[in-house]
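Here's a quick briefing to read with the model open. Take a look at the structure first, then work through the notes below.

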Amino acid sequence: MGTPGQSTLSSQGTLGSMSSRGTLYNVDSQAASEVNTWRGTVSTHASEPHQKNLFLQSLEEEQNPTERKGKKIDSQREYQEKDIVECLENGVKFWTDYSKVHYHPQSLYELSGLWMDVEDFDNYGIGREALSSGHQEDISERLRFFVEECDHIQGFQFIVDDSGGFSAVAAEFLENIADEYTNTPVLLYTTRGPASYMNLGQKKHKVVRGLHDAVSFSRLSSLCKLIVPLGLPSLSRSKASAYLSIKDEKPYHCSAVYAAALHSTSLPFRMQSVGRAADSQDVSGAVSVSDLVEILSGNARKNMVAILDMAMPAPSLSGRDVGQSMLGHLHPVTYEIAEDVEDSQAMETLNIHGVIGQGGHYASVSEVKDYIHAAYEHANAMPKFCHLSVARTPLPIPLPFPRIFSSLVGGQGKLLGEPIAGSLSRGSVDVHSIPIGTRLRSSIAILPHLENRLTHLQRFGIQRGAAGSELLRGWGFGRDELEEMGECLTRMVMELKPQAIMSDDSD
């Protein structure tokens, strides 16, 4: 559905140098579509294909070694990693510029007939208009193709950039999933980049953004079992980037951080494939998507909105202050939340992998378990429950990972006491792997996120004379539907804050 840096939608060529039919099986994507009902003159407009950068060119040479046989290669033309890194840092425009994946022809879907850039595809109403019934059926058929290849479905992990029109596209798709796969849980990550928080100075923009966020969250949360919002207004200035060198204006940087976090949160699902009895010195704590949903939202509180914290890189286990080292490095990448809130009813899942132990080796499962247990004993507040998943394998940092690590990060991701001289930022050439920690938590700290959306919906959409009432009608929402959304948001707030007295529409 799209993540920060991956929401590219307009005319021909928007997938950069990749065909919308993927890169497997040599499927011809240039075949002209036939319109049998049209007898007039046909005019075709196609933009020039984007030039492949050095990274993609080097991949082609690696994947087609037979084409190089017998050729004399000029040593000056050989691709050097540092040149490729520089090319990526300064030249990435589309997510396809750094994608190494070979996509199946059924994996990518292009919304045809929309002649606009992604910057203009920026609100729920536009996205709702974009998805015709034909689009919905085509997308659902592609999902069905992959589902039929599965022996068993744990659930759906769904990632969507909810800052614009893709939110409505996702809602329609999720509604089809809910109808067809009734008992299959959906874990939804809503992501957004720093650029989505810009240009909100004028009142009109604030009204549109406030209503978009309220409607988007209401619709999406009603179609999943657990929703995790992530994407800070400024990742570079956040505590989560203490050991990173991020440029907010580059989706290439921000998306790498969030992708690493999501990779870590899904670690327990991949452990599941080797069975629960496989807990060993290398892996422990396998859970399924259903298990995760039950842990975080199935308790007495019934909260279905989780906060994502991360430590990238995670500290080693050799720190003196056990109570603050690992847990103290976990910082939120979920936006609009309360910080430093103690919640004795909080439910958590904690994932640690590739952490470095005593002597510089990768810590065993038992070492990590003992360390985390001690950390919680020394913490000021403890959650009601915490599930721990551990793996010794660190997160690899291959090309095309961006140059986002600070000079305090060593080659194996170890945090250094002194910065490396002459190095402002480091990437895959210097850092080969990192330990990483992530935490999902169900906590009252999410209350501001929920309250803001409820307030915006009431103030701009439901109250008499609301500034956005006409806008919402244009998006296709009637008053009854808006009031139902308001009631759902109110219940979500009351689950976390039962003593609150919520104002009615006339206030």
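A residue counts as buried under 20% relative accessible area, as exposed over 50%, and as partly exposed in between. So C488, with a relative accessible area of 30%, comes out as partly exposed. Keep in mind that this is a predicted model.

**Cysteines**
- C150 lands in the partly exposed class too, because its relative accessibility is 42%, which sits between the 20% and 50% cut-offs.
- If you were wondering about disulfides, a search of the whole structure turns up zero.

**Cavities**
- Rolling a probe the size of a water molecule over the atoms shows where empty space is left.
- Here, there are two cavities of 30 Å³ or more, and the largest cavity has a volume of about 60 Å³.
- Which residues line the largest cavity? They are D162, T190, R192, D213, F217, L220, I227, P229, Y335, H449 and R453.
- By type, that lining splits into five nonpolar, four charged and two polar residues.
- Three elements each put at least two residues into the lining of the largest cavity: α6 (203-221), β3 (226-230) and α12 (447-462).
- Of the contributors, α6 gives the most, with three residues.

**Helix α7**
- Most of α7 is covered, with twelve of its 15 residues buried.
- Among the buried residues of α7 are Y252, H253, C254, Y258, L262 and T265.

**S218, in a helix**
- You'll find S218 in helix α6, the helix that gives the most to the lining of the largest cavity.
- Buried or exposed: which is S218? S218 counts as buried because its relative accessibility is 9%, and the cut-off for buried is under 20%.
- Setting aside residues up to four places away in sequence, S218 touches M485 and L489.

**A338, in a loop**
- A338 sits in the loop between β6 (331-332) and β7 (347-353).
- With a relative accessible area of 22%, A338 is partly exposed.
- A338 and I444 are 106 residues apart in sequence, yet their C-alpha atoms are 8.1 Å apart in space.
- Beyond its neighbours within four places in sequence, A338 is in contact with A445 and P448.

How values were computed: Residues are numbered from 1 along each chain as its sequence is written. This is a predicted model: local features need pLDDT of at least 70, side-chain atom pairs count only at pLDDT 80 or more; totals for chains, interfaces and linings use all residues. Side-chain values use heavy atoms; hydrogens and water are left out. A disulfide is a pair of cysteine sulfur atoms within 2.5 Å. Buried means under 20% relative accessible area, exposed over 50%, partly exposed in between (1.4 Å probe, protein chains only). On a 1 Å grid over the protein atoms alone, a cavity is a set of points where a 1.4 Å probe fits but cannot get out, and a pocket is an open set with protein on both sides within 12 Å along at least five of seven lines; lining residues have an atom within 4 Å of a point. Grid points are joined across faces, edges and corners, and a volume is the space filled by probe spheres set on the points. Helices (H or I, at least four residues) and strands (E, at least two) are DSSP runs, numbered from the N terminus. Ala, Val, Leu, Ile, Met, Phe, Trp, Tyr, Cys and Pro count as nonpolar, Asp, Glu, Lys and Arg as charged, and the others, Gly among them, as polar. Contact means heavy atoms within 4.5 Å.
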